[in-house]
Each structure stands twice: as C-alpha cells, then as structure tokens.
Amino acid sequence: MAASGAGEASPVLQSPIVIGASAVYLALLFAVAYWGDKRADEGRSVIANPTIYALSMAVYCTTWTYYGSVGRAAVTGVGFLPIYLGPTLVMALGGFLLLKMIRTAKANRITSIADFIASRYGKSQLLGGLVTVIAVIGIVPYIALQLKAVASSYDLIVGYPALKAVVESNEPVLADTTFWIALILAAFTILFGTRHLDATERHEGMVAAVALESVVKLLAFGAVGLFVTYGLYDGFGDVFARALADERLAKLTAVAAGNRSYATWFSLTFLAGLAILFLPRQFQVTVVENVSEAHLKRAIWLFPLYLLLINLFVLPIALGGLMRFAGQGVDADTFVLTLPMAAQQEWLALLVFVGGLSAATGMVIVETIALSTMVCNDLVMPLLLRARALALHAEHDLSGLLLRIRRGAIVVILLLGYLYFRLAGDAYALVGIGLISFSAVAQFAPAMIGGMYWRGGTRDGALAGLLAGFAVWAYTLLLPSFSKSGWMPASFVSDGLFGIELLKPHQLFGLTGLDDISHCLFWSLAANVGAYIAVSLMRAPTAAEASQATQFVDALKTTRPVGSALWRGSADAAELIALVGRFLGPARAQTAFAAYARRHDIADVANLEADADLVHYAESLLAGAIGSASARAMVASVAKEEPLSLGEVMNILDEASQLRSYSRELERKSRQLEDATGELKAANERLRELDRLKDDFMASVSHELRTPLTSIRAFSEILRDDPKTALQDRERFLSIIVSETERLTRLVNQILDMAKIESGNAEWLVEEVDLGGIVEQSAAATSQLFRDKNVALELDLAGGLPLLRGDRDRLMQVVINLLSNAVKFAPAGAGKVHVRLFRAQGELRVSVSDNGPGIRREDQEVIFDRFRQGGDSMTSKPTGTGLGLPISRKIVEYFSGRLWVESEPGQGASFIFSLPLQNNEGEDNA
Amino acid sequence: MSKKVLIADDEQNIVISVEFLMRREGFEVSVAHDGEAALERIRADKPDLVLLDVMMPKKNGFDVCQEVRADPAYAGTRILMLTARGRDTEVAKGLALGADGYMTKPFSTKDLVDKVRELLG
C-alpha cells in the first residue's frame, strides 16, 4: 500500500519515527505486563484494585470508538451514542447479572464464555465447540476492523501532508501493511498471553497493560478533542453554532439525525448492552480476570464515566472535520487523525496514532487471548483427547502442548481477521463491521441468561438456539458482507437466494422497514430464543444438566458448591495427581495438591485419599487449564465412575436445597429468637422499672404511715406506763394522738383513692356542673383554714360561663386541695390567696395563687409525683400526705384537662387547671 | 452532771414525745428541726448523744452522721439513728457511717430508753 505525498518532508511523520514510537509504546506495554506478572507471582497483585478493574473494562473502546465514532457521528449525528448507552445501562442496572456470572465462573473455574455455556449444560464438549466456532467467526470481522484501522491510520500518517491514503486493494499480501500489522500483533499477543509455561485462566500482566492502554487512548482522544474544540474553534458553543449555520450539518445536531428510526436506536442500544456482557474479551476482563467481587462496585460507575469522557468530543470533531474538509472527500473515519495533520500539528498526530494503536492492540490482545483459550480448551483439546493416543496415560507433560495450541490459535485468528479484511473490509465503515460482530455475540444471550435463571434449559436447547441464531446471523449479515465486496454475487443481496424474494437477506420473509442490524437482531434472536425454549421443553434435563443447572441458577444462594456431592466412583490419588501434572506441569500440580493436603490436615500428598472431594478438586484444577468439558472427560478417563441416575442427582440436589432452606429456616428462627430475647429484655427492664417504682412507693407509704404511728405509739405508751403524768400533759398528748390518727386516716384514704383512680376502678358521677359554684363551695369548705391562719381569700369568678360535664365531688376535691396548699404556704397574717375562674381558648380555667415562698423551677414538675414535695426527697419533710397534687392531676386529666404550676421563687405560686369546653358546649346548644 | 441529749427530727409530735421521755430520764435536752441546725447544735452543745432522724430538710441524717464522724473532736459523741426508713440496707448504711445504734419507727418507748441508757452508761 503506497502512500503518496506532495510537498516538503515532515520532520516527525516519517516511517522510522512512527514505527519507532509504536515500538517504544509497545515495549512500554510489555514492560508493564511483565511487571504485573512478576508482582502476581510474588503475591502482590497490582490488579487487586477496583480502578484498574474498571479501566480494563474500557477495552470495550476499540479503534471503532477511537476513529469510528467520529465517522458515524459525521453521518448520523448522535447516532454513535447507543453503542455506549447499552453498556452504561447494563453496568448501572445489571450488576446482579455480572455478580452472578463472576461468582459462578469462580466457583467452577470457568476460563471463557464457551466454557461457561458448556459447563452450564452438563459440561458439553459439543456445545463448547459450537460457541467457540461462533465466537471465532463472529469476532473475526471485529479483528479485521482493528487491522484496517491501524493500517489505514499508518498509511495516512506516513503519507503526510496528504490527507488521503491511496489504497490498492489488490496489492500482494507480502506488500500489504495490514498483513504485517496482523503478524506483529500476533507476535505481541503471544508474548503477552502465552509467555508463561503455566496454562491457567488468569493474566494479571495483561490486565495491567490493558488498563494503561485505556488511559492512553482516553488522553490521546481528549487531546485531539481539546485541540479541535478550543484550538481550531472557540469552544463547544462555537463549533455547534457554526454547524447550525450550515444547512447540511444542522440536521446532525438533532437527535433524529441521519434518518435513524427509533427501532435502530433501540436495537443498537440493546445490542451493545449484550456485547458488554458476552463479547469474549469483555467476559475475559470482567469475569475471568476479576480479582474481587467488591471491585464491581466501583466499575459500575467508573466504567460508564469513562464512556462518557471518551464520547465528549466526538460531535465537535465530526462537525469540525465536516466543515474543514467540505468537498475534499476526506474519510470521516480519519478525522481524528487528519484534523491535527491538516493543522500541521505533527506531534499531536503522532500521539493520536499511538492512541489508536493503543485502542487496537488492547482489543486484539484480550480478544485473541480469550478466543485462543476457547479454541484450545473447547475445540482442539476435545478433538485431541478423542484421539486415543493422547488420552492414554502418557507420562509426558502436556502443558507445553497447551501453550503451543494457544499460540497457533492466536496466529490463525489474526490471519483470519486479515483474510476477512481482504475479502470484505472495504465495503463497510468501521462501525458497520463492528456491528456484525456484536450481532454474532448477541447469539450467546439466550443460552447464557436462560442458563443462569432457568433450570429447564438443556444442552440440546442451547445447541438448537445457538445454531438457529448463528445461521440467521450468517445469512442476514455475514454473507451479505461478502456479497457487497464482490466475493459473492451481488444478486444474493438484491434478489435473494436462488432469486427467491422471501429469502432476500435484508428483508427476510418480507420484513422491511428495519436497518440491516435491527433486521438481523430481530430474526436471529427470534430463531435463537424460540429454538432454545422449544427444544429445551422437549425433554427433561439429564442428571448432568440438572446438577450444573442448580449450581448456576443458585450461584448466589449456595455457600458451598455441591459439585463433590454429585460424584460417586473410585479413583487413584496418584493417577489424579499425574493427570493434573500433565496439563499444569508436575511442579504446579504438586504445589496444588500439597495445598489441598494442608487444608485437610493430611501430612503428605502421598497419603491423600481419592474421595469425591479430591476428584472434584482435581477436576477444577484441570478446568482452569483446559476448560470444564475437557476436564470432565479427562477425569472420567482415570477414575472409575458410577454414573448417577437423574433420580439420585435430584435427591442429592433436593437434600442440598433442603439443607439450604433448613438453614434459612434456622436463620429465620434464630433471628426471631433474638427479636424475642430483645423484647423480653425490654419487658424485663420495664418490669424492673415498675418494680423499682413500686418499691419506692411502698417505701414512701411505709414511711408516711410510720411517722404518725411513731407519735401515737410513743404517747400511748407514755400514758399507759406513767399514770402520774400531769393532767396538762395528758390532755396535750391525747390531742396529739387524735390528730395523728386523723392524719393516718387521711393518708389511708388518699392512698386508696389514688390506687382506685390509677387502676381505673374509681367511680365517677358525671353530670352537668357549674364550675363557679364548685369553686364557691370549696372556698366555703376551707374558710376555717383561712380564718385560723388569718389569710385573705379573694374570689374573682367570671359570670355567664357554660356548664361542664364532670364529677362535682371530684372537682371539689381538686379545688379544696389547691386551696389547702395555698393557705398552708401563704404567710400567716399577711397571707393572700387569689382565686380566678375565666374562659380561655375553648376551655375554662381556675387559678389559685398565693403569696408564699414560691417553688423552685426544678421542683415544679416533681411536686406532682407521689410523696414528693419541693426539694431533695431525702431531706424534705412532707407537710401533707404528698398525694394531694398527684390525685388532683389525675382527676383533671380524667376530664381531658391539665393541671400545672407557674411560680417564681419568692413571688408566690399559681396552680392552674383547665377543662376543655368543646364537647360540653355542643350539648349546651342542643 | 447530767448527760446532754440532742433530738434532731423535723416531726414536731415525735420530738415532743422523745423530749418528754429524755427529760423524764433526767437528761439535758436540746432540739433541732433540720440537718444543718443539728450540726450547729452538736458543735455548740457537744451533746453526749444524738437521736438522729434520717429524713430531715436541708441535710439528711446520714450526711450529718458522716460529718460528725469525720471530726475526731466528736469521737465520744454517741449517735442513735431513729428512722421510718427501716430497710436492712439503710440500717447497714447508718452503721457503716459510724452510728452507734439504729432504731426503726415506730419504736417501743421502753426499748428507746434502754438503748439510750446503754449508750450513755
């Protein structure tokens, strides 16, 4: 592919410099990967970090995003967005699905998406093989896309200052830049992914390098975006304002731009959402390489944020390119590169090229490693194992063979990508090619999602669904892509197969009105889901399917894998160790089994017993290296197994699920028990508190009763023992005895009264009463007290007040109590007590004010407690029974009223009670 | 010289009865109606015996007892607590604070007189 260029030679954009920069960059990536692997070996993982995890997911953004989004935006405006909306929605809303995939994959040592599907449907080698074939065929166009993008960006940049590369599609393979790029990438991928002689599923160094690449491509794209938006133009507003001024561009800024229908938006969003889950490379970085489930928490916002950032400048670059290059025929897919080139920003152009290289290498490395693992584990190994020569108990180490197979697969896959590029690459824009791959990968959705949530899915159903969906995909998208590039007759697309109208690949069975991708998605998923469900329903799952189904469907519920419970037979431990050694290498096998022995408190690996647990352990070790289906076959080859019937499997699973539900039940019970204990404790506390209150009450009552009894007994004994007591003393003592007896009687009555009111046994005689009359009668009843102490009593009673419903005697008891208290505290001689009755805010109030010492603020509530008067309870000596105010308050509250005190020390006290009028007034008016 | 007895109680009728009994026994009697007054009288009169109520205004009997016992000058002063709070823990508390005896109200006058004689004898 020759690049033509006129004018002066650039000091920067020369092949040696471009190649040199690329080589330095790739070397840097390799160094990072090497460091990551080394740290992993030392047990100090660099990727045990949620940010690196989220960045590695950004391998989703390939050259398609890097160059193609701008190309698509130049045609459809915001039509490039669904490809990022889908993943954003899936990450934001589908965390539970990802979590289930990750947990299932870890529990079963899943190495790839083919392994996942094969394992779910009874560790079926056939299914694993089919998924691999679909993945390889489906992904090849996508790899071709990366090759095309890197090649054309290289041709462009070394052709500087020309803005178009002259492409000769028929040049010999060996002279084709793309071919060499494919080989370089293959070599690089081999170095990355299959450097070690250990064939496990994890590649820490690769993940670290991919995370770095994600940063580089974001920075490079951001740099060109800033340059275009703020260098060539005057910010976002300026770019859009100028585009709006241009009739042809204005439509691009509208959401409905490019005549894209709602169906297209929906199907592209849906498709991209499936792609983020089921693309082999996404499955690799998201599921297989996941270090900790907790990392998902950051990824679900950081990855969408990354997508937002990398899309920020797409429209300005697209519009800027369209305006700058109007009429010059510059390919919109190259705007990212050609805009800085046209502005003589050579270093920026070089950075952009490296960013694009970054996007491509990231994708190619992860994708081909994922695919090569699938090809090796699910396609080649099963075939080789079927060849008896290898399946025999050969002593030699097969781990080297595994690596050779994977390396071979990498080369083949990249060459297939090149082949597709040669055959069909020129017919489509970057995005078009990528969407073909997305549609292929979408075919995994029914078997994957169905497998994780529906126990009824069977191997045959999955096979039928995948085959049907894949066939429709090939017919409606893959073959037409060949046809468009002239490799197949054009009549295939225009007239249909054999000229049959109904078989036109883009209007299958007469379905029109959809774009190619939506059309394919509709028919392929309809066929896929239909076949999957219909065939699955045709027969019940087998024992193997049922046992796997349980592990996948209940992945989030099971705490202990039931795997080993589902194996019965006999095996020899030494043979198992040797078998694992053949695939992992003897040293790694020894280490792994030694760890197992330590966990089970067995001193020596030689003493291991080949029970179901050990067999299961060996199988899971193998699964990490060669996939679950092959691992199953290998273990079966050395162990004498007794196949379990479906009934037995069901029994075991039932037992497991019964155990689970039993333990859930236990958990629930113990929670209930805890709750009950808590309630009992609280109740006990309340009882203790009540007990304490009762004790206090009893102590108080006892004290109150003992005090008058003390005087009565002492004087009685004095009078009895000493008949010669002076008459004067005798009379004095007798009157003390009488008054103390009265005090005692009063006390007993009030205690009983209080108890009756509190227990609700008091009798209430409720009638219409006149509160003014009650106050007057109470004043009359206590007038002797006032006279005795020479205290003035003033009544100030409002007239014309409505009647209330209440108990006359009880209310009198309240007023008398307040009056007695007032007179008790009013100073003798100068004492004054003022009683008011008035109406306020829908209630009647009575206030009794004295000019006594007043009540300290802190005592104003205490005095309403039983046996409490102002001051410290230990030092205060009750001057009454200590029950008058508590009883009065109970009475007032019985009639929905309130009783409180207002007082300033030294300025007397006012006791006020209020009784509501509402109910009473209504009756008055009636 | 007759012994001096201080009666500290806020219940007037009880004071009258105990005062009558003490005078009949020939003791010199003084009276206090609250805890602070009791302490003043103890310092002023240096009584040989204090009949001390627990629940008094201003300062309770336990505190009075504690203060008296904290001062070695009154080491010879006998203290008999008289109280209506008759729980065992309170008896123990009173004795722990250095009271020489404890009587629960209502008490027998004979017991009281015997106890006073014993303490002053």
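**Close-up views of a two-chain predicted model**

**View 1. Helices H5 and H13 of chain A where they meet.** The axis of helix H5 (residues 95-107) of chain A comes within 9 Å of the axis of helix H13 (residues 280-288) of chain A, and the two cross at roughly 75 degrees. On the H5(A) side the contact is made by Leu98(A), Met101(A), Ile102(A) and Ala105(A), and on the H13(A) side by Thr286(A), Val287(A) and Val288(A); two residues are in contact if their C-beta atoms, placed from the backbone, lie within 7 Å. By class, this contact has six nonpolar residues, one polar residue and no charged residues, where Ala, Val, Leu, Ile, Met, Phe, Trp, Tyr, Cys and Pro count as nonpolar, Asp, Glu, Lys and Arg as charged, and the others, Gly among them, as polar. Axes here are lines fitted to C-alpha atoms, for helices over the stretch in contact, and angles run from 0 to 180 degrees between N-to-C directions. Helices (H or I, at least four residues) and strands (E, at least two) are DSSP runs, numbered from the N terminus.

The model is a predicted one, in which local features need pLDDT of at least 70 and side-chain atom pairs count only at pLDDT 80 or more, while totals for chains, interfaces and linings use all residues. Residues are numbered from 1 along each chain as its sequence is written, and chains are lettered from A and ligands numbered from 1 in the order in which they are written.

View 2. Chain A contains 36 helices and nine strands, and buried residues make up 47% of its 926 residues; a residue is buried if 20 or more other C-beta atoms lie within 10 Å of its own, exposed if 12 or fewer, and partly exposed in between, with C-beta atoms placed from the backbone. The average pLDDT of chain A is 80, and 83% of the residues score at least 70, pLDDT being the predictor's confidence in each residue, from 0 to 100. Over residues 869-878 of chain A the pLDDT is below 50, although this stretch has 29 contacts in the model beyond near neighbours in sequence. Residues 920-926 of chain A likewise stay under 50 in pLDDT, and for them the model has seven contacts beyond four places in sequence. Where pLDDT is low, the predicted coordinates should not be read in detail.

View 3. Phe266(A) is found in helix H12 (residues 262-278) of chain A and counts as partly exposed because it has 14 C-beta neighbours inside 10 Å. Although Phe266(A) and Pro82(A) are 184 residues apart in sequence, their C-alpha atoms are 7.7 Å apart in space. Arg889(A), in helix H35 (residues 884-894) of chain A, is also partly exposed, with 19 other C-beta atoms within 10 Å. Leaving aside its neighbours within four places in sequence, Arg889(A) is in contact with Phe864(A) and Leu899(A).

**View 4. Helix H3 of chain B and its buried face.** Chain B has five helices and five strands, which follow the pattern β-α-β-α-β-α-β-α-β-α along the sequence. In helix H3 (residues 61-70) of chain B the buried residues are Gly61(B), Phe62(B), Val64(B), Cys65(B) and Val68(B). Seen down the axis of H3(B), these buried residues fall within an arc of 160 degrees, so they line one face of the helix; the arc is that of the directions from the helix axis to the C-beta atoms.

View 5. The peptide bond from Lys105(B) to Pro106(B) is cis, with omega near -10 degrees, and Pro106(B) lies in the loop between strand E5 (101-104) and helix H5 (109-120) of chain B. Lys46(B), in the loop between helix H2 (35-45) and strand E3 (49-53) of chain B, has a positive phi near 45 degrees. Lys58(B), in the loop between E3 and H3 of chain B, has a positive phi of about 70 degrees although it is not a glycine.
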